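Have the sequence and the model open side by side.

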Amino acid sequence: MYALGLESGTAMHTWVHNGHLPAPDDDLAADMYDLATTTMKQNHYEQYEISNWSKSGYNCQHNMQYWRNLPYLGFGPGAHGFAGGVRYSTILSPQRYMTEIGAHRRKYDFPHSPATDEASHITKSG
């Protein structure tokens, strides 16, 4: 569960900024979060992250991999992955992604590809 966040450059941000929609109410959002947390507990869901709940033993494995800095691969437009000590994302546009993947024949060091958009080397020490 995530609270609504207005992101710059989105239509909703513009509508709120121009007065066409009211701004999100922080107090209401906090009340809604409290209600959601109570409802999840009443239905035997356990909170294992700030925004995630699950039945016992059914935590999202991807999330657990991410928080433990364990590897996971991301394929396709806009995908994110972490492997070989590199956290990376791929090109968001499907058209650009396909163009880049199809145009390059050279070898790339794992986990990089022609569609890698951003990459950061991650070490255990930070």
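What follows covers the pairing of strands and then a group of nonpolar side chains.

The model is predicted, so local features need pLDDT of at least 70, side-chain atom pairs count only at pLDDT 80 or more, and totals for chains, interfaces and linings use all residues. Residues are numbered from 1 along each chain as its sequence is written, and side-chain values use heavy atoms, with hydrogens and water left out.

Strands of a sheet pair through backbone hydrogen bonds, either parallel or antiparallel. Here three strands make an open sheet, ordered 3-4-5, with antiparallel pairing. Neighbouring strands are turned by 20° against each other on average, direction ignored (axes are lines fitted to C-alpha atoms, and angles run from 0 to 180 degrees between N-to-C directions). Strands (E, at least two residues) and helices (H or I, at least four) are DSSP runs numbered from the N terminus; two strands pair if DSSP finds at least two bridges between them.

Four antiparallel bridges join strand 3 to strand 4 (residues 86-90). H80 has S89 as its bridge partner in strand 4, and F82 has R87. Two residues lie between the strands of this hairpin, where G84 takes a positive phi near 60°.

Elsewhere, L4, M12, W15 and L21 make a nonpolar surface patch of about 360 Å². Areas come from the Shrake-Rupley method with a 1.4 Å probe, and for residues only the protein chains shown count as cover. M12 belongs to helix 1 (residues 11-17). M12 counts as partly exposed because its relative accessibility is 33%, between buried (under 20%) and exposed (over 50%).

Conventions: Patches are made of residues with over 30% relative accessible area and no salt bridge: like charges are joined within 9 Å, nonpolar side chains (Val, Leu, Ile, Met, Phe, Trp, Tyr) within 5 Å. A salt bridge is a side-chain nitrogen of Lys or Arg within 4 Å of a carboxyl oxygen of Asp or Glu. Buried means under 20% relative accessible area, exposed over 50%, partly exposed in between (1.4 Å probe, protein chains only).
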